[in-house]
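Visitor: I'd like to work through this model with you, a bit at a time. Please put it up and we'll start.

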Amino acid sequence: MSDDTTTASLRRGLEGYLRAVAGELAVPAEATSFEISDTVSAYLGLTRRWDQRPRHDLMLLWDEQHGWALAVETEPGEPTTVVGYLASEQVAPAPTVVARFVTDALTGYGTMAPRPDFPITLARNQLAGQLARYA
């Protein structure tokens, strides 16, 4: 598979995966974005608030190296405040698993995992293959 074909396939799969996760969390499409560059990453702006930082927006971040993280939106120039990471064997777990992670983290029922490190040596065509069912 050529690099252009792999990137196009990855783009379709990631777009569909992000749409599925957003659907589980009732996040509108305009509050989502993703990027495929030297790393693959995604962003969802959540409509829910965290009672420990009620005046700040929440975001769900994903990248191919660390998977999903729930974080508090901060002021420009401030480091992101991570609430927790999703403990998963997969870099892209099912959208229902991601939604459960957010709910558990915000209600205090979940246990926060350390930041996972997935091998980014995973070939882009393998990541595209994992996400293909969402395309």
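Predicted model: local features only at pLDDT ≥ 70, side-chain atom pairs only at ≥ 80, totals over all residues.

Visitor: What is helix 2 followed by?

Guide: Helix 2 is followed by Gly 108, which has a positive phi, near 85°. Residues are numbered from 1 along each chain as its sequence is written, and side-chain values use heavy atoms, leaving out hydrogens and water.

Visitor: And helix 1, what is that followed by?

Guide: Helix 1 is followed by Ala 26, also with a positive phi, in this case near 55°, although Ala 26 is not a glycine. As background, most residues other than glycine have a negative phi.

Visitor: Where does Ala 26 lie, and is it buried or exposed?

Guide: Ala 26 lies in the loop that joins helix 1 to strand 1 (32-36). Its relative accessibility is 59%, so Ala 26 counts as exposed, where exposed means over 50% relative accessible area, buried under 20% and partly exposed in between, for a 1.4 Å probe and protein chains only.

Visitor: Back to helix 2. How many residues does it have, and how far does it reach?

Guide: Helix 2 runs over residues 95-107, which makes 13 residues, and from its first C-alpha to its last it reaches 19 Å, close to the expected 18 Å. That expected span is 1.5 Å times one less than the number of residues.

Visitor: Which of the residues of helix 2 are buried?

Guide: They are Pro 95, Val 98, Ala 99, Phe 101, Val 102, Ala 105 and Leu 106. Viewed down the helix axis, these buried residues fall within an arc of 155°, so they line one face of helix 2; the arc is taken over the directions from the axis to the C-beta atoms.

Visitor: Why would residues a few places apart point the same way?

Guide: An α-helix has 3.6 residues a turn, so residues three or four places apart point the same way.

Visitor: What do the buried residues of helix 2 pack against?

Guide: They pack against helix 1 (3-24) and against strand 2 (40-46), strand 3 (58-63), strand 4 (67-72) and strand 5 (81-85), with contact meaning heavy atoms within 4.5 Å.

Visitor: At what angle do the axes of helix 1 and helix 2 cross?

Guide: The two axes cross at roughly 45° and come within 8 Å of each other. Axes are lines fitted to C-alpha atoms, for helices over the stretch in contact, and angles between N-to-C directions run from 0 to 180 degrees. Helix 1 and helix 2 are therefore oblique to each other, given that under 35 degrees counts as roughly parallel, over 145 as roughly antiparallel, 65 to 115 as roughly perpendicular and the rest as oblique.

Visitor: Which residues meet there?

Guide: From helix 1 there are Tyr 17, Ala 20, Val 21 and Glu 24, which meet Pro 95, Thr 96, Val 98 and Ala 99 of helix 2.

Visitor: What about helix 1 and helix 3, how do they pack?

Guide: Helix 1 and helix 3 pack at about 35°, their axes being 8 Å apart. The contact involves Thr 6, Ser 9, Leu 10, Gly 13, Leu 14 and Tyr 17 of helix 1, and Arg 124, Asn 125, Leu 127, Ala 128 and Leu 131 of helix 3. The cover over the buried residues of helix 1 includes helix 2 and helix 3, along with strand 1, strand 2, strand 3 and strand 4.

Visitor: Switching to loops, where is Pro 93 found, and what is it in contact with?

Guide: Pro 93 is found in the loop between strand 5 and helix 2, and with 4% relative accessibility it counts as buried. Neighbours within four places in sequence aside, Pro 93 is in contact with Tyr 17, Trp 68, Leu 86, Ser 88 and Val 98.

Visitor: And His 66, buried or exposed?

Guide: His 66, in the loop between strand 3 and strand 4, is buried, its relative accessible area being 12%. Not counting residues up to four places away in sequence, His 66 touches Arg 115, Pro 116, Asp 117 and Phe 118.

Visitor: Last one: in what order do the elements of the protein run?

Guide: From the N terminus on, the order is α-β-β-β-β-β-α-α, and 40% of the 135 residues of the protein count as buried.

How values were computed
Helix = DSSP H or I, 4+ residues; strand = E, 2+ residues; numbered from the N terminus.
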